[in-house]
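This briefing is meant to be read beside the sequence and the model.

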Amino acid sequence: MSAEYGISVAVGFVSVLMCLVAQLRRYIEVDPEVARKMVHVGSGLMAMALPWIFTSATPVLVACAICAALVAVCGHTTLLPARLKQVLGGVERRAGGEYYFPLAIAILFPLSRGDLALYVIPVAILSFADTAAA
């Protein structure tokens, strides 16, 4: 798979996930905390797949930067529907986790040097333990 295609798949997955959760919040009235957790776990599952999509760190860094920019745009623009902005911003606390998550992935991927256990286990802990703790 080419790097550009892989980046498109990763960013597209996160974008579609956020849109689907926004629609769930619209029609089922999902609690904001649950919606945020859904995006967190879904993004974590996507992040766990990155070693099978990419062989080098550069496309992962690009995908993480794009995802962080997407989150920033969702949170700080009036161009998007409010329900999409509320997927991550619907909770009262402001901890910055939506930015720390892609940053952690961007740091962890090159540090793991292709060792799947050194990458997937920390991402799983970040994705599931953090979600359960909230």
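**Helix 1 and what follows**

In this predicted model, the buried residues of helix 1 are Gly6, Ile7, Ala10, Val11, Val14, Leu17, Met18, Val21 and Ala22. The 25 residues of helix 1 should span 36 Å at 1.5 Å a residue, and the distance between its end C-alpha atoms, 36 Å, agrees with that expectation.

- After helix 1 comes Glu29, a residue whose phi is positive, near 60°.

**The nonpolar core**

- The largest nonpolar core holds 29 residues, of which Leu50, Phe54, Val60, Ile105, Tyr119 and Val123 touch the most other members.
- At least two residues of this core are supplied by each of helix 1 (3–27), helix 2 (32–53), helix 3 (57–76), helix 5 (97–112) and helix 6 (116–133).
- When neighbours within four places in sequence are left aside, Phe54 is in contact with Ala3, Gly6, Ile7, Pro59, Val60 and Phe109; of these partners, Gly6 and Ile7 are also listed among the buried residues of helix 1.

**The surface patch and a pair of residues**

- Tyr99, Tyr100, Leu103, Ile107 and Leu111 together make a nonpolar surface patch of about 520 Å².
- Ile107, which lies in helix 5, has a relative accessible area of 46% and is therefore partly exposed, since that class runs between 20% and 50%.
- Leu61 has its place in helix 3, and with a relative accessibility of 39% Leu61 likewise counts as partly exposed.
- Although Leu61 and Ile107 are 46 residues apart in sequence, their C-alpha atoms are 8.3 Å apart in space.

Terms used
Residues numbered from 1 in each chain as written. Predicted model: local features only at pLDDT ≥ 70, side-chain atom pairs only at ≥ 80, totals over all residues. Heavy atoms only, no water. Core = buried A, V, L, I, M, F, W, Y, C linked by side-chain atoms within 4.5 Å. Buried < 20%, exposed > 50% of the residue type's maximum accessible area, 1.4 Å probe, protein only. Helix = DSSP H or I, 4+ residues; strand = E, 2+ residues; numbered from the N terminus. Contact = heavy atoms within 4.5 Å. Patch = residues over 30% accessible without salt bridge, like charges linked within 9 Å, V, L, I, M, F, W, Y side chains within 5 Å. Areas by Shrake-Rupley, 256 points an atom, 1.4 Å probe, with all protein chains shown as cover. Salt bridge = Lys/Arg side-chain N within 4 Å of Asp/Glu carboxyl O. Expected span 1.5 Å × (residues − 1).
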